[in-house]
Amino acid sequence: MSSREKLAGTMELPPPTEQPNVYPLSWVNETMKLQEIWDASQREYWDPAKLPWDTFDVSKYTWEQRESIAYWWTILSVFDASAPPVFASALIKTYELHEEDLVRRCFFSVTRDEQNHEQMCGMAITKLLEHPDPITYTPKTDIGRRLQKNAKWLYYNGGRYWDGYKHAVPKYSLAVLFSSFLMGEIAAATIFHQMSAGCSELVFKEGFKKIGMDEGRHMAIILTLMERDYPKLNDEDKATITKQIRAGYLFLSAVLFEPPLDFWDIPSDFIDNQREGEAFAREAGFHIPEYEAKKENWKNAMLNLKGVLDKYDTEFPAIPEVGITGKEVNDIDMEDIIPVF
């Protein structure tokens, strides 16, 4: 049937609309716990431009410190700059599936928050480097030059997964997507609260505090939806979730721990450069956890996630890097990843 064919003159009511489409025309709400989370997202919305940027005097830092702190924000932005389109795609999926009104609203709030987090990255980098782009910036120090090389390799790697994600969203159920989302949110909430507590620069303390609060709310959304949907998981979805957790660990280690060399395509001096840059940043009062603290954080985040999945009889993958035993998952590549942060 041509889409231009006129039917109104031939029948009383139109034929059923093809599904899926993005017009629910329905505002059904059953998972009322989400109402509290949506209300909180409205109350707690913030504007990165209104943080105390006027107290941030970059001239008190050396260029090594400035480029090293900017590098950390650049690593974060490799993940956070992809978050708005990632969650926007998930938001569209909630409309196509004619999800509850509250689910659609909550995913909208996550997309909006992630755009704020991306703005925060951009504002910090621009202020520190006096340039709006860490890739085309001309480094002023040797460590700045080596960290920029790192950043270019991370950016290259990050760009490889986008096609995979576009294929993954229509392919997987929201229940499978939730496991990847939760992994990112658990890890993010942990690191941002720590950095807020440890940073000496007021604008960063305030920014991390607000980002951590957002991530905690996102985690509550995902946990609520898992509680709704995970008792109905089939075995195929459970197996996919186990694989996604392992993939998510490898992917997010680049920002939360250290990128595994056998998974990320990065040069052999990447880790050494990064550790040297972190030392400059810490010296400037920018709190990046030390190696052992990062490892412990990551382990605790994984154990928290394991505790959630155990409730739904879903196998957890082995994460030998942080001493967690489980199902061996070895066949991971970039195309398997549902990237989130």
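Helices here are DSSP runs of H or I with at least four residues, numbered from the N terminus, and the expected span is 1.5 Å times one less than the number of residues. Because 20 of the 25 residues of α7 are buried, the helix is largely enclosed by the rest of the structure; buried means under 20% relative accessible area, exposed over 50%, and partly exposed in between, with a 1.4 Å probe and protein chains only.

This is a predicted model, in which local features need pLDDT of at least 70 and side-chain atom pairs count only at pLDDT 80 or more, while totals for chains, interfaces and linings use all residues. Residues are numbered from 1 along each chain as its sequence is written, and side-chain values use heavy atoms, with hydrogens and water left out.

The structure holds 21 aromatic pairs, where rings of Phe, Tyr and Trp (its six-membered ring) pair if their centres lie within 6.5 Å, and planes under 30 degrees apart count as stacked, over 60 as edge-to-face and the rest as tilted. Two tilted pairs are listed here.

| Pair | Centre to centre | Angle between planes |
|---|---|---|
| Phe-208 and Phe-286 | 6.0 Å | 55° |
| Phe-257 and Tyr-291 | 5.1 Å | 40° |

Phe-208 lies in helix α8 and Phe-286 in the loop between α10 and α11, so their pair ties together parts that are 78 residues apart in sequence, and both residues are buried. Phe-257 counts as buried at 6% relative accessibility, whereas Tyr-291 counts as partly exposed at 35%.

Terms used: Helices (H or I, at least four residues) and strands (E, at least two) are DSSP runs, numbered from the N terminus.
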